[in-house]
Amino acid sequence: MTQQTDGATRLWGGRFTGGPAEALARLSVSVQFDWRLAPYDLAASRAHARVLARAGLLDADELGRILAALDDLESACAAGEFRPSVDDEDVHTALERGLLERLGALGGKLRAGRSRNDQVATDLRLYLRERVRGLAGRLAELASALADQAGRHIDTPAPGFTHLQPAQPISFGHQLLAHVQALLRDLDRLRDWDKRAAVSPLGAGALAGSSLPLDPAQVAKELGFDSPAANSIDAVADRDFAAEFLFVAALVGVHLSRLGEEVVIWTTPQFGWVELDDAFATGSSIMPQKKNPDIAELARGKSGRLIGHVAGTLAMLKGLPLAYDRDLQEDKEPVFDAVDTLELVLPAMTGMIATMRVDEERMALDAPRGYTLATEVAEWLVRRGVPFREAHEITGKLVVICTARDCALDEVTDEDLASVSPHLTPDVRSVLSVAGALAARMTPGSTGPGPVSDQLATAAGRIDRWREWAGENVVPR
Ligand code: ARG
């Protein structure tokens, strides 16, 4: 530390005659957002202090006093008694000031063998590894709310859509479980991310490692990482873990947006399939009749910023020469905002899904509308030896007649059927029921009650295992 003539604590300045210009200081400061890394910086400092002691660079008394001061500083931070000051450039500077206030010159020994470059990369990995488990827990809760609703609607028929046009009857539970599958993949991605994030940069120093006999493997172990970085330059330059996390967060955002969009559609009076609980819907300041799906819309809207964070971070990284560049300071706000955004959206979506009421009757009435059983007719013909091409043609003609008569497929007369094709005997009516169409779908992964129940059981088991993973403590503190 250099105690400058302007009174500020700075981690640099020996070769500088004056303090920084106001404009530089304002541009440079990051403590207003990186302060949330304080607990992780302190954890890394404890591990570093022990390694310095093992290297003979701190005696037992010095180590004890440093660890006690770090504990004291941590409590003071948690209690809000120690806060960064306007002059603290970043979280590392603020905490070193806190240590110097407690220990005097001894506090300055801790910086040996490390740099803010390896520190900040370590802190951000520790922070994210911990928060990712929290997000995984919230994703599992949403998946669980969807699965619970799906369990109530395994046998609830609804029209399935392609192009948002009625396509074929489906089980509404099957539709909800489709969203669960996307969330399970997100959870998988987070776990996969964690494998690569579990690498410790500490020991890389500024970029070249250290001439001091440090023990990066030991530090890595103490901080819950799987291994130390293999290359000190990469250790301080790499932000793949931030970019990858932001991609996963953006994809989660996209999944929430697609679910949100469906809820918006289902809750329109025109659909009337779903009514949101009052606690998870909003009203209009002017139209007294309105009940708006704001949670679903905000989930949809906030996916935009999550997508922006991936693009912004990749653009920030793309031209950077190795190793550390100050541009890298820009990695933190997108990461923090992505975490905060998902922490806000996920519980709200979970509550909305868990409490929504489904109008099964309305949905069942809609299930055959738009001739969603036409494929059943075509496949019935195929089972009787008619080539599919011809069966498709015949069924199309039947739809034309129904459209002209404004009636359903099973409401035409036997004569009408015969007039379309001699293959269309009155027996065809046996496949013209929604329940029959669903029951006929027995292959794994399809929308019949059997496969949907199987899918639900498998998904529920996976959700439970993700809950366990989410609850694991990854950062020993
Ligand atoms: N606040 C900086 C960041 O977030 C810490 C590292 C500063 N390193 C440096 N060489 N100036 O990246």
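Q: Where does Ala323 lie?
A: Ala323 is in the loop between helix H11 (294–317) and H12. Helices (H or I, at least four residues) and strands (E, at least two) are DSSP runs, numbered from the N terminus. This is a predicted model, in which local features need pLDDT of at least 70 and side-chain atom pairs count only at pLDDT 80 or more, while totals for chains, interfaces and linings use all residues. Residues are numbered from 1 along each chain as its sequence is written, and side-chain values use heavy atoms, with hydrogens and water left out.

Q: And the peptide bond from Leu322 to Ala323, is it cis or trans?
A: That bond, from Leu322 to Ala323, is cis, and its omega is near 10 degrees.

Q: What is the phi of Leu164?
A: Phi of Leu164 is near 55 degrees, a positive value in a residue other than glycine. Leu164 belongs to the loop between strand S3 (157–162) and S4.

Q: Let us change topic. Which domains does the assignment give?
A: It gives domain 1 (22–115), domain 2 (117–129 + 139–154 + 169–365) and domain 3 (366–454). Such bounds come from an automatic or database domain assignment.

Q: How many residues do domain 2 and domain 3 bring to their contact?
A: Domain 2 supplies 13 residues and domain 3 supplies 15 residues, where contact means heavy atoms within 4.5 Å. The centres of these two domains, taken over C-alpha atoms, are 42 Å apart.

Q: What area do domain 2 and domain 3 bury between them?
A: They bury about 990 Å², with 59% of it on carbon and sulfur atoms. Buried area is the accessible area (1.4 Å probe) that two parts lose on being put together, summed over both. On the side of domain 2, Ile154, Pro169 and His174 lose the most area to domain 3, together 56% of what that side buries.

Q: How many salt bridges are there between domain 2 and domain 3?
A: The count there is zero. A salt bridge is a side-chain nitrogen of Lys or Arg within 4 Å of a carboxyl oxygen of Asp or Glu.

Q: Which element gives the most to the side of domain 2 that touches domain 3?
A: H13 does, with four residues. Strand S4 (165–171), helix H7 (172–197) and helix H13 (360–366) each supply at least two residues of that side.

Q: How many salt bridges does the whole structure have?
A: The search finds 40. One of the salt bridges joins the side chains of Arg138 and Glu343, at 2.5 Å from N to O. Arg138 lies in helix H6 (residues 116–152) and Glu343 in helix H12 (residues 332–355), so the pair ties together parts that are 205 residues apart in sequence.
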